[in-house]
Amino acid sequence: MSDTIPPASPTGPSLDDFASFYLYGLTNQPYQQSTDLGKFGELYNLVIGNHGGLGIASTFHPYQLVNQVGVTVWYAAYAQFYTQPNRLELFAEMTVEKASFVTVPPASFAEFHVWPDTRLTTDENPIFGRFVPFVIPFLVRKDPELLRWDAEFAAAEGDNRRIRPYLDAVNAAIKFVQPAPAFVLGFGEFDEQQPELLVEKFLSCRDMLL
């Protein structure tokens, strides 16, 4: 009988293998769900492209993205993925085949939690009661290749006429979960250390709404 200590079973992947991205825009009802997971998958492919990861089947107000104990919807999606007994196989598919999957977030994220940054409250900026911020999150396997959103903008080389068909397609693709009058303003990466950067994206658009 060998006295060699067997190697530990692999437990990964870690959260560091993923990045937290989001579409952001304005609507009248930010917290919306759809049971059409196929449409969420199509939206993931349109925005993220050929990159493995998780679509998150809901839209949120920014103040729903972080719960009372500081857990983000992206971390919750990762935790749900990590609890799957076949997570290593799924992660291999994300890495090798660039597969994407869709996860339904916990209902607890329906609750609002105003961060220390209160600039999206209607007390501070009443315009956000009329044009309400919303976010569609994506948890993406890190990859050196450009995301589709970035690739489309790079190809357009700053020409609004060239990027317009792509933006129109993205706005059409969200209608199953965020119908009119909702519209997309942009795309970004969420930084847990600086969540106020997301708030500032909405504030940068405030003057055009007044």
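What does the chain average in pLDDT, and what share of the residues score at least 70? The chain averages a pLDDT (the predictor's confidence in each residue, from 0 to 100) of 93, and 95% of the residues score at least 70.

The model is predicted, and local features need pLDDT of at least 70, side-chain atom pairs count only at pLDDT 80 or more, and totals for chains, interfaces and linings use all residues. Residues are numbered from 1 along each chain as its sequence is written, and side-chain values use heavy atoms, with hydrogens and water left out.

**View 1. The chain as a whole.** The chain holds 8 helices and 5 strands (DSSP runs numbered from the N terminus: helices are H or I of at least four residues, strands are E of at least two). Along the sequence these elements follow the pattern β-α-β-α-α-β-α-β-α-α-β-α-α. The radius of gyration, taken over C-alpha atoms, is 19 Å, close to the 17 Å that the globule rule (2.2 Å times the number of residues to the power 0.38) gives for 210 residues, so the chain is as compact as a globular protein of that length. Its C-alpha atoms fill a box of roughly 75 × 40 × 30 Å along the principal axes.

View 2. Where pLDDT is low, the predicted coordinates should not be read in detail.

**View 3. Phe 21 in strand S1.** Strand S1 covers residues 18-27 and includes Phe 21. With a relative accessible area of 13%, Phe 21 is buried (under 20%; exposed is over 50% and partly exposed lies in between, with a 1.4 Å probe and protein chains only). Not counting residues up to four places away in sequence, Phe 21 touches Trp 74, Ile 136, Pro 137, Phe 138, Val 140, Leu 147, Phe 187, Gly 188 and Glu 189. Ser 204, 183 residues from Phe 21 in sequence, is 19 Å from Phe 21 in space, C-alpha to C-alpha.

**View 4. Leu 37 in helix H1.** Leu 37 belongs to helix H1, residues 37-47. Its relative accessibility of 35% makes Leu 37 partly exposed. Leaving aside neighbours within four places in sequence, Leu 37 is in contact with Ala 57, Val 102 and Val 104. Of these residues, Val 104 is 67 residues from Leu 37 in sequence and 8.8 Å away in space, C-alpha to C-alpha.

Note on methods:
Contact means heavy atoms within 4.5 Å.
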